[in-house]
Amino acid sequence: MKHKYLKNVTTLAYSEKKCTGCGRCAEVCPHGVFYANGKKACILDRDACMECGACARNCPVGAINVNAGTGCAIAIITGWITGKEPTCGCSSECC
Amino acid sequence: MIETISTKLSLKDVLGSLKVRLGIGRMDYAVEPGLYAIGKPGGNSPVLVSANYKFTFDTLRKNLAGLDCWLLILDTKSVNVWCAAGKGTFGTDELIHRIETSELSKYVSHSRLILPQLGAAGVSAHEVKKCSGFDVDYGPIRASDIKKYIEMGCEATREMRTVQFNLWDRLVLVPVDLIAAVKYSLPVIGVLLVANQFAPKPFDKTDAAVSAGAVFAGTVLTPALLPYIPGNAFSLKGWLLGLGCTAGILGLSRKYTKDDRMLAAGSLLLYPAISSYLAMNFTGSSTYTSPSGVNKEMRKALPLIVGASAIGAGLVLGSHLLGGRKTK
């Protein structure tokens, strides 16, 4: 059963104009958000984006932008309290 | 001299992994970063890159039996690949640095690296190419697919590229959260036991059962049943199960007298809120929640959780400490 989280929240922004069709975004996305098959990439499932930032970091032409971070409640609360960027304080499986 | 490592785990390794799953010493379970050999690799053998968290290292090597390959281990401060990529320690700079210090190009005649796909959040493949000359291929997500990936000529199927979060993946994460929740509960239990000496209406088995039920609903039941519970927000899922548990236990065990109404109302406010909070924490363990989503969820849920807990705790404590029945 596929997990679903909140809809219409991701900060993922993609510029098809800049895309060269290298396919890296589809290669790195752990949720199959992008599809690319030798042509310009397209977004298949935008609401599956977890904002890990892998696509943006590996796009050689800067066609993708996303506010990447950790989707962890404790990290975000800690971020609110300390006023810093939320980072996961734990090791192992917990982020 | 490059150390050759075994693809078999010793009893000590297995016990080490078990300890990590129970949350014991998992922040400091590391291997030395650098280049290692599996089997008898040569100049054309593939190079796999990974993290120096020993749990990760062990999971990887036990899946490489029969292969001849190199392992380039980055210094991720004993954190797994995905988390380290998020923090940037499994990152472009560390990879370039490790390629140089390990003198990798002395050992291999090709210039291809296989990175775990989940490392991509920290590594920029085109920058690695520019700075080191090495091409980055992102391999499969799971170590168990690596052999198949290499056999297929370094091609991954869509299934290999998609992160899972099945029942077993979720259940193995339960002990760490459960142990943490119990740890935080101990001081509260201590204070209540002392208060019980003076309370006109002491906390009893039912109170113990509903609070244990709330923790169980939030840290065990919610992860186990995650995709089957209605709603998308973790806090809502946890609250629903917490409400079910609390109402169920209260219904089974308490005779509703007039005096118990305040206690029942307080319990129904307090305990599901605790389950909700604990369930929300599981966003950090999940493999699919975005920071924007968790942010939105918390802005709505946290005020409700805090409000319900405060009023609920007030009613529960009030009915036990201030009044109700006279002492038996």
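Reader: Is B:Ala121 buried or exposed, and how many other C-beta atoms lie within 10 Å?

Author: This is a predicted model, and the answer is read by counting neighbours. A residue is buried if 20 or more other C-beta atoms lie within 10 Å of its own. B:Ala121 has 29 such atoms within 10 Å, so B:Ala121 is buried.

Reader: Where does B:Ala121 lie, and which residues does B:Ala121 touch?

Author: B:Ala121 is in the loop that links strand E5 (112-115) and H6 of chain B. Leaving aside residues up to four places away in sequence, B:Ala121 touches A:Cys52, A:Gly53, A:Ala54, A:Arg57 and A:Ala68 of chain A, together with B:Ala85 and B:Gly86. Another residue to look at is B:Gly91, 30 residues apart from B:Ala121 along the chain, with 8.2 Å between the two C-alpha atoms.

Reader: How many residues of chain B are in contact with chain A, and which elements of chain B give two or more residues to that side?

Author: The size of an interface is often given as the accessible area lost when the parts come together. Here residues are counted instead: 44 of chain B are in contact with 40 of chain A. Helix H3 (81-87), helix H6 (125-132), helix H12 (260-281) and helix H13 (291-321) of chain B each give two or more residues to this side. H13(B) gives the most, with eight residues. By class, the side of chain B that touches chain A has 22 nonpolar, 17 polar and five charged residues.

Reader: What does chain A itself consist of?

Author: Chain A has three helices and four strands. Read from the N terminus on, their order is β-α-β-β-α-β-α. Along the principal axes, the C-alpha atoms of chain A fill a box of roughly 45 × 30 × 25 Å. Chain A has 95 residues, of which 46% count as buried.

Reader: How do the axes of H12(B) and H13(B) cross?

Author: Two packed helices are described by the angle between their axes and the distance between the axes. For H12(B) and H13(B), the axes come within 7 Å and cross at roughly 145 degrees. The crossing of H12(B) past H13(B) is left-handed. Residues of H12(B) in this contact include B:Leu263, B:Leu270 and B:Tyr277, and those of H13(B) include B:Met298, B:Ile305 and B:Val316. By class, the contact has 17 nonpolar, seven polar and no charged residues.

Reader: Which residues of helix H4 in chain B are buried, and why do they line one face of the helix?

Author: To judge this, look down the helix axis. In H4(B), residues 92-101, the buried ones are B:Thr92, B:Leu95 and B:Ile99. They fall within an arc of 65 degrees, so they line one face of H4(B). On the other side of H4(B), B:Glu100 and B:Thr101 are exposed. The buried residues pack against strand E3 (47-51), strand E4 (69-74), helix H5 (104-107) and H6 of chain B. After H4(B) comes B:Glu103, with a positive phi near 50 degrees.

Reader: How many residues has the largest nonpolar core, and which have the most contacts inside it?

Author: The largest nonpolar core has 68 residues, and A:Cys55, B:Val49, B:Ala85 and B:Val123 have the most contacts inside it. Not counting residues up to four places away in sequence, B:Val49 touches B:Leu72, B:Leu74, B:Leu95, B:Leu113, B:Ile114 and B:Leu115. Another core, of 33 residues, lies apart from the largest one, and has B:Val210, B:Leu241, B:Ala279 and B:Val294 among its members.

Key:
Residues are numbered from 1 along each chain as its sequence is written. Chains are lettered from A and ligands numbered from 1 in the order in which they are written. This is a predicted model: local features need pLDDT of at least 70, side-chain atom pairs count only at pLDDT 80 or more; totals for chains, interfaces and linings use all residues. Two residues are in contact if their C-beta atoms, placed from the backbone, lie within 7 Å. Ala, Val, Leu, Ile, Met, Phe, Trp, Tyr, Cys and Pro count as nonpolar, Asp, Glu, Lys and Arg as charged, and the others, Gly among them, as polar. A residue is buried if 20 or more other C-beta atoms lie within 10 Å of its own, exposed if 12 or fewer, and partly exposed in between; C-beta atoms are placed from the backbone. The arc is that of the directions from the helix axis to the C-beta atoms. Axes are lines fitted to C-alpha atoms, for helices over the stretch in contact, and angles run from 0 to 180 degrees between N-to-C directions. A crossing is left-handed if the near helix is turned anticlockwise from the far one by less than a right angle, and right-handed if clockwise. A nonpolar core is a set of buried Ala, Val, Leu, Ile, Met, Phe, Trp, Tyr and Cys residues joined through C-beta atoms within 7 Å.
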